[in-house]
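Visitor: I am new to this structure and would like to hear about its pockets and cavities. Could we go through them together?

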Amino acid sequence: MNTNPLLDFSGLPRFDDVRPEHVTPAIEALLAEAEAAVKVAETVAPISWDSFVTPLDDATERLYRAWGQVSHLQSVVNTPELREVYNANLPKLSRFGSAVSQNPALYAQYKALAASAEAATYDEVRAKVLANALRDFRLGGAELDDADKARFAELQEELSGLQAKFSQNVLDATDAFALYVDNESELSGLPADVITSAHAAAQKDGREGWKLTLQMPCYLPVLTYADNRALREQLYHANAVRASEFGDAALDNSGNIDRILAVRGELAALLGFENYGEYSIATKMASDAAQVLGFLRDLAARAKPYAQRDRAELEAFARDELGLDDLQAWDLSYVGEKLKQARYSYSEQEVKQYFTEPKVLAGLFGVIERLYGLKVQPDSAPVWHPDVRFYRLMDADGALVGQFYMDLYAREGKRGGAWMDDCRNRRVTAAGVQTPLVYLVCNFGRGSDGKPATFSHDEVTTLFHEMGHGLHQLLTRIGELAVAGINGVEWDAVELPSQFMENFCWEWDQVQGMTSHVSTGAKLPRELFDKMLAAKNYQSGMFTVRQLEFGLFDMLLHSQYQPQQESVLQLLERVRGEVAVNFPPEWNRFPHQFSHIFAGGYAAGYYSYKWAEVLSADAYAAFEEAPEQLQATGARFRAEVLSRGGSRSAADNFRAFRGRDPQIDALLRHNGMAA
């Protein structure tokens with residue numbers, strides 16, 4: 001056991017040493033340690049923070065840090081062996097979590113601590129930890145009778161397994177598809193770097209020609225640029241039916257969706273909630289499902305006229321300029337790009353040549369320095385793949401603030417999308433300050449032929465978005481694990497720092513500084529940037545109602561869905577009838593891949609993207625209103641929002657920064673939908 005890297009907490013994780021055979025021994029040892037700490041905590045007296053909370057945090061932090069490394073690895077370097085041990089140990093973690101959240105002796109101890117004289121002296125951080133703990137015991141089933149507690153624990157364990165299986169099915173279905181093209185003329189319109197990568201992928205498989213996949217660096221360019229309509233349709237179809245009844249039965253998520261919804265409904269009912277939506281909202285900024293649905297529908301009423309105009313323009317252009325009388329789902333990105341080129345005289349592919357990876361990263365790190373006086377410096381650490389880079393974040397006085405991994409490229413065995421996760425949270429202990437450590441993961445294309453990777457402007461924005469999440473975690477000044485970083489932050493406010501960072505991708509001084517043409521080294525011309533700016537809100541109406549479609553579907557699914565009366569797909573069609581302007585084919589199985597709500601943390605919470613966008617747009621408006629006070633405003637944003645973590649409510653954080661409640665005006669203005 002002394003050689004098990006998952007049990008080594010002396011420094012940075014030893015990702016290069018972790019093997020599947022390390023997982024079970026480490027998790028079982030750490031579970032035993034955590035269970036022993038819980039046993040002691042049940043009867044410790046006299047009760048105090050140091051005698052009760054701190055020892056519990058010590059033991060459970062070690063367990064969840066080790067498990068976090070395992071979970072991360074199965075997301076970024078998934079192998080059959082790793083998946084097997086992950087799935088075998090996941091129920092153990094679920095059982096432990098359920099047992100703790102329902103433990104009557106622990107609940108009684110927390111209540112005793114809350115009633116103690118010591119608790120009256122706590123600062124707002126410890127007071128919030130205590131209040132959250134009591135709330136979470138209630139939401140975890142601590143007040144249920146023994147039979148219901150047992151059932152609640154069974155359901156939680158089943159749900160964790162179902163969610164993991166849903167995500168794994170999507171990954172496997174994505175990786176399973178490959179289309180080999182023998183004639184390069186079929187790839188007409190595709191960017192040169194995509195064709196080069198496709199040829200290299202075929203060669204790697206020992207094949208001639210070009211290999212097309214459903215990985216985003218291949219799939220999106222095909223849908224956007226391929227002149228071959230049949231090719232676009234073929235990839236669109238393959239992508240749209242992933243993990244459904246139209247493919248490998250072993251990867252079909254149909255049954256998982258039904259069971260996940262049933263389990264969530266039963267969990268909520270056991271706790272006395274009308275539905276899972278209300279249970280989910282109990283820990284969010286929003287007051288109830290009705291408020292969320294009202295918010296989404298109000299925004300839809302404002303956005304839909306713009307979306308209808310966007311759709312009409314696409315149809316007219318497709319008909320008049322491209323000879324397409326029947327605009328299909330696999331035509332939307334292609335026609336949209338052609339219309340953008342015609343209207344604004346530039347293409348995304350043209351812009352992409354300027355955003356070279358080294359310049360983009362330097363620009364991102366420059367924004368962090370300008371806003372907060374911090375420096376990002378290269379660092380070294382054991383990593384899980386040669387692509388991964390590691391950095392340290394230093395304060396103006398030279399003190400270490402935190403460190404982060406950056407894993408930018410798509411590859412087989414890596415979950416799609418982009419995300420931030422914490423590896424180690426900030427904590428103040430008797431031994432000193434434990435600095436935060438985070439992962440930033442994307443799925444971009446890599447460079448080829450000795451040239452650096454180039455990013456589309458959307459990908460640059462994605463990188464800034466994830467760095468915003470990272471900064472929320474890295475810049476916390478809170479010393480208690482339960483409310484440091486994003487811990488304890490209401491889920492519908494968690495996107496505020498990430499969406500806020502996206503705004504800097506639209507500032508000329510910033511954008512110019514992070515461009516260098518991949519072939520010539522020239523900076524992005526101002527004329528081209530002005531065209532990008534003019535096109536910024538291109539199809540924003542369509543994009544907005546698409547996000548509202550997802551949010552409404554999610555909340556209705558978790559608050560009003562009646563499986564006896566309609567299917568999941570019928571509910572989605574009903575939502576589309578209310579807000580959408582684009583309607584995919586009947587065989588599209590989007591829900592089967594909707595990992596955000598069926599495998600991630602966004603169940604009855606997808607609305608958070610738009611909810612938090614109101615906050616982020618209004619927060620950025622403070623910088624727009626006083627451009628000459630950038631550092632002062634940045635310091636205030638860091639102090640009142642980023643550094644606070646979950647130690648006080650997101651509403652209080654926002655009011656402390658902005659001096660008032662959030663307003664929707666800035667969001668509508670930024671999206672070109674102001675009256």
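**Pockets and cavities**

Guide: This is a predicted model. The second largest pocket has a lining of 15 residues, and those nearest its centre are Leu261, Gly265, Leu557, Tyr561 and Pro563.

Visitor: Which elements give two or more residues to the lining of that pocket?

Guide: They are α10 (254–270) and α20 (540–559). The most comes from α10, which gives 5 residues to the lining of the second largest pocket.

Visitor: How much space lies in the second largest pocket?

Guide: The space there is about 260 Å³. By class, its lining residues divide into 6 nonpolar, 6 polar and 3 charged.

Visitor: Turning to cavities, how many of 30 Å³ or more does a search of the whole structure find?

Guide: The search finds 3 cavities of that kind. The largest cavity has a volume of about 80 Å³.

Visitor: And which residues line the largest cavity?

Guide: Its lining includes His472, Glu490, Leu496, Arg648 and Asn653. The classes in that lining are 5 nonpolar, 4 polar and 2 charged residues.

Visitor: What is the volume of the second largest cavity, then?

Guide: Its volume is about 60 Å³. The residues lining the second largest cavity are Asp8, Phe9, Gly11, Pro13, Arg65, Gln69, Cys423, Arg424 and Leu437. Two or more of the lining residues come from each of α2 (49–76) and β6 (419–424).

Visitor: How many residues of each class are in that lining?

Guide: The lining of the second largest cavity has 4 nonpolar, 2 polar and 3 charged residues.

Note on methods: Residues numbered from 1 in each chain as written. Predicted model: local features only at pLDDT ≥ 70, side-chain atom pairs only at ≥ 80, totals over all residues. Heavy atoms only, no water. 1 Å grid on protein atoms, 1.4 Å probe; cavity = no way out; pocket = protein on both sides within 12 Å on 5 of 7 lines; lining within 4 Å. Points joined across faces, edges and corners; volume = space filled by probe spheres on them. Nonpolar A, V, L, I, M, F, W, Y, C, P; charged D, E, K, R; others polar. Helix = DSSP H or I, 4+ residues; strand = E, 2+ residues; numbered from the N terminus.
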